[in-house]
Amino acid sequence: MLLQSGEALRILNDFRNKMREIDIIISETEIKNWYGLYLKSEMPIDELRKKVYEKTKKYREMYFNTQKVEENENNKDLLDINFKTTGITLNHQDIDILSIVSCNSLDELLNLSKSIINLDIDESYLKSYKDLEEAKKYVYECYVNSLSHKYDFLINPSIKTKAKINLLLKKHILNEEEIKELTQIITDCSNVDDIVNKVYELFDKEKAEKIFEIFNARVISKSGVKDSSWNVYTSMYNKISEFDTFTLDDIIKYNAVTLLNNTFKFDGFERALKFAKSLDKRVRLNSIFFYMDFPDRYKNKSKEEIKELLRKYIISLCSFIKENGYESTVESIDALNEIINRFASKVGNPYDLRGTYKDNSDNLTGGWLNYVSLEDVLDILSEAKSILPNTNFVYNEVNLFDDKKYDVFMSVLDRIKKYEKEHNVKIIDSIGEQLHIDTSIDVSKIDRLLNKLKENNMHINITEFDMYVNPVEKYVVPIQLEEIRQAKMNELYDVLYKYRDIIDSFTIWSKTDDMDHNLGRVNENKIRFKEKIIPNIHGGYFDMEFNTKRDSLVSNINLINGPAIQRFNYHTHTNRCENDSTAKDQDYIIQALKKGMTSFGFTEHAPSPRIEYDEINERLSNDATPEYINSIKKLNKEFPDIKVYVGFEAGYSEDLRLHLVNLRKQVDYMMLGQHDVIVDGEVVDPIDNPEYPLIYAKSIVDALDSGIFDIVAHPDYFMIYRDTCKDSRAHMEFMTNAEKAADIIGRKCEELDIPLEINLDSITRVENDKFYDGEHSFTHPRFYSELLKYDVRFLYGCDAHRPKSIKDINENIIRADTILRTSEMQFVPDDYNPIRYRNPELDQRLLLSEYNSYSYETYMLMRLLEKITKEYTAVDLDLKMLDKVEGLIEEAKRTSKIESRKKFEELLNVAEDHFISDQEREKRINNNLKYMESFGTVTNNRISLLYKLKHFIVNASALGCYSREDYLIVCKELMEKEFNDNEDIIKRSDDNIKKYIHKFNLKN
């Protein structure tokens, strides 16, 4: 097993190195986890080798596919095929909003607003608008605000009923007393029929009808509607004119038009038809027979009753179309929709007609077909067809490219043809194929399906097309996902183009990623099982500007490979601290020049004071600092075409203020990178701490008031602790305080004109960095949205630990722009640099900080002295303190030996670590050796400091100190004379000592 373990390590490390070649970083921790799983599973080494080979092949294929797409200048779009008819799907909320967008006058807008049942607007306020566009935006905002998010509804279903009862009150249909009575009816009655009867008993017919109408209002947002913006819909309105037809989804379905009293309301349907006619478009209706539309309130009715209810609905709908002159507008109707189970089943046959099995799962449930037969439905459709003889009736199924499903589909089709022949009617005119697919699809299956249809002389309509990216590739960023999607679209294009003669129409289903119904279904299930929702599966046909994904991809590829969107970067780390690179400083500048940058800044993590142990591999050592500064400054001579600045990234605390002031004097600029909050020398515990955002914000304000810092890096870094809250109430309080923290930070940055960074590194991490709310650990949209209240400026910061971060700056900015409302943000100028644009007031604050600060050594010794003096009375205080300090010196010496031995063992472990490459091993050994050297220096400095503390105690005693207060005051001034180089501060300490001695003498 030992030999196999060594071979397993070699295989896993070889995989890690191969992934590094294509810029996929597999962490050392992850490799160790895989190794641990291998040992537990007792998997044969050949099986491990096979699994790793498959994973390597998978990632390499993915990489080369994306490279192929990037190199291909002829990326294809399905709309380029020029199908006979192209369509786009719009739901009832889309129609409502697009109708608002299309209004040409204030009167038209007012009339439309009155016709939308869940809209409650202030008519006089609307009439006060002089600008039509602003008036339309107002109505749009009222409409969107009237909707509840679907995810909120799943968590709390009662919000739907509450919203409708609220509408009854707002629209003055019922008064408060009547609302109470209606609420009591709903609470008391066990079924809808009882509610209807009670409503008729309690209210007059006109009021009862209004109640039923309001209760048919749809107040829950469709996928993506509430998440979209006014600009999305104005772009959509401009784009839909390019299509021949609109598929109206969820507008004529049974539950959309049937009221609780089983009467029909076609107002929303008519509004959609009028909208289509205004644009000279024809419509497809989806659908009049769909298993999901079966109302639960009918489940105890007889077959005859249900058939009659279904007949009444279908005939009423078709008669409405005929009688109101819309027959020429309605091009086709999905007369039968998904009457075969959607996915292969383990029950009975893999596929069968719905209703065959008494199963409540969505995949097998029959809906209407639990009560009526296919032939019963055909009876009704035969009557409907006689009303609309020129309308195309479609039998619409999903994913018929599964051979087993196709066979069942053909058997169902045979039953339909048999009925038509026996009754001498023609009901079904064409076949609809839904293509809800993902990038794992084998397009040869679609080729095979279309070929079989062609051989059977059958035409087809692609009725519902979307393709989402199989969301398993957690190492891939969005632009690469779109490249994967485009590669599959290119394959699909070739197949559909080959069969364009039998494809009568092609209709896009999911418009944008947010509006993708696959995403909605996935997240609905996740919410039901209390799992984390996912923010995107890239299933939309258009981007959020309503460009086709192909055009958007080509544009983004050109953008990514072209000059940098931002012509500078001021957040860069080097190989002097721990990162994934051994790159030289020059490598970053070479990459910056390739991107056309004109200025560049390095911000290595600032060194700690010389009495603090270096954080190995995380920040500069004091000894390495001069080399770092000189090396960066020399780059200006080596690269005259770009201005290079040297700086530090540092966290702030009052103890560190003078240390940071002195560092600030050595460099061009400083970036505030607050990772921890330190109060009175102790790190504030952020775990399960709802108050932490406010504590963090105060530390940012204190830091900026010091005048030390020029830029705030990742200002919402504290958000990484939001998921540590142990209950929902604490989490809610944390998020509320996060918004307050944004207000505090935004106000201070506005006051001092200090820009805030959008950290690109934080939003390009793997999906594992996503939290329960679906957002990244930090660079959180909720925080940045609050900052928009203030007149603050932003910049992008690569937070680069490898030159590749500079190469990918445009790609990462594009990703940031999909997360934040960057279009509403004010950015720094293109020629920004932190020296030229530094607020002069900061220099005044910097001088005050230097004068009013004590040294880090003073803070450290004073805390120690305060602790020691608490233990003793005034009698012989000096002797007791000296004895205590002597004990601390001996303890420090012992600890130093133990720690030195431990660090040496760590060095040996690094030298023998099989998990890392030779290059990484050499780097870590060198870093460890430097750390060991620094460790010895710091330990000696600390021991020396304790000897100095003895000296301060002796001197204070000689000056006449007796009480604890005496020693604390005088020792503090003695320390500042020793540790501070500023002559003004030394003079101030001398004066304070003299005043204290004079006061002491007077007292005695």
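The model described here is a predicted one. Helix α16 comprises residues 303-323, and its end C-alpha atoms lie 29 Å apart; this agrees with the 30 Å that 21 residues should span at 1.5 Å a residue. Its buried residues are Ile306, Leu309, Leu310, Tyr313, Ile314, Ile315, Leu317, Cys318, Ser319, Phe320 and Ile321. Just after α16, glycine 325 adopts a positive phi of about 75°.

## Overall dimensions

The protein chain contains 36 helices and 18 strands. Along the principal axes, its C-alpha atoms occupy a box of roughly 120 × 75 × 55 Å. Of its 1004 residues, 54% count as buried. Among contacts between residues at least 6 apart in sequence, 77% connect residues at least 24 apart.

## The eight-stranded barrel

Eight strands form a closed barrel with parallel pairing, in the order β1-β2-β3-β4-β5-β6-β7-β8. On average, neighbouring strands of this sheet are turned by 30° against each other, direction ignored. In general, strands of a sheet pair through backbone hydrogen bonds, in either a parallel or an antiparallel manner.

Leucine 285 has isoleucine 333 of β4 as its bridge partner. Strands β6 and β7 are likewise parallel, and eight bridges link them; glycine 432 is partnered there by asparagine 461 in β7. Strand β7 (residues 460-468) has nine of its nine residues buried, so it is largely enclosed by the rest of the structure. Helix α18 (residues 403-423) lies across β4, β5 (392-398) and β6 (430-438), and runs at about 155° to β5.

## Nonpolar cores

The largest nonpolar core has 125 residues, of which Leu78, Phe269, Tyr313, Leu336, Tyr395, Phe409 and Phe465 touch the most other members. Helix α16 supplies the largest share of this core, with ten residues. Another core, of 104 residues, lies apart from it and includes Ile589, Ala703, Met862 and Met975.

With neighbours within four places in sequence set aside, leucine 336 is in contact with Phe289, Leu374, Val377, Leu381, Val394, Tyr395, Asn396, Ile416 and Ile428.

Helix α24 (residues 625-638) has 14 residues and extends 20 Å from its first C-alpha to its last, close to the 20 Å expected at 1.5 Å a residue. Its buried residues are Thr625, Tyr628, Ile629, Ile632 and Leu635. Viewed down the axis of α24, these buried residues fall within an arc of 110°, so they line one face of the helix. An α-helix has 3.6 residues a turn, so residues three or four places apart point the same way.

Elements covering the buried residues of α24 include α23 (585-594), β10 (599-605) and β11 (643-650). The face turned away from the buried side of α24 carries the exposed residues Lys634 and Lys637.

## Backbone exceptions

Most residues other than glycine have a negative phi, and most peptide bonds are trans. Several positions in this model depart from that pattern. The peptide bond from asparagine 286 to serine 287 is cis, with omega near -5°. Serine 287 is located in the loop between β3 and α16.

Glutamate 338, in the loop between β4 and α17, has a positive phi near 55° although it is not a glycine. Its relative accessibility is 4%, so glutamate 338 counts as buried. Aspartate 799 lies in the loop between β17 (793-797) and α29 (804-807) and also has a positive phi, near 50°, in a residue other than glycine. With a relative accessible area of 7%, aspartate 799 is buried.

Terms used
Residues are numbered from 1 along each chain as its sequence is written. This is a predicted model: local features need pLDDT of at least 70, side-chain atom pairs count only at pLDDT 80 or more; totals for chains, interfaces and linings use all residues. Side-chain values use heavy atoms; hydrogens and water are left out. Two strands pair if DSSP finds at least two bridges between them. Helices (H or I, at least four residues) and strands (E, at least two) are DSSP runs, numbered from the N terminus. Axes are lines fitted to C-alpha atoms, for helices over the stretch in contact, and angles run from 0 to 180 degrees between N-to-C directions. Contact means heavy atoms within 4.5 Å. The expected span of a helix is 1.5 Å times one less than its number of residues. Buried means under 20% relative accessible area, exposed over 50%, partly exposed in between (1.4 Å probe, protein chains only). A nonpolar core is a set of buried Ala, Val, Leu, Ile, Met, Phe, Trp, Tyr and Cys residues joined through side-chain atoms within 4.5 Å. The arc is that of the directions from the helix axis to the C-beta atoms.
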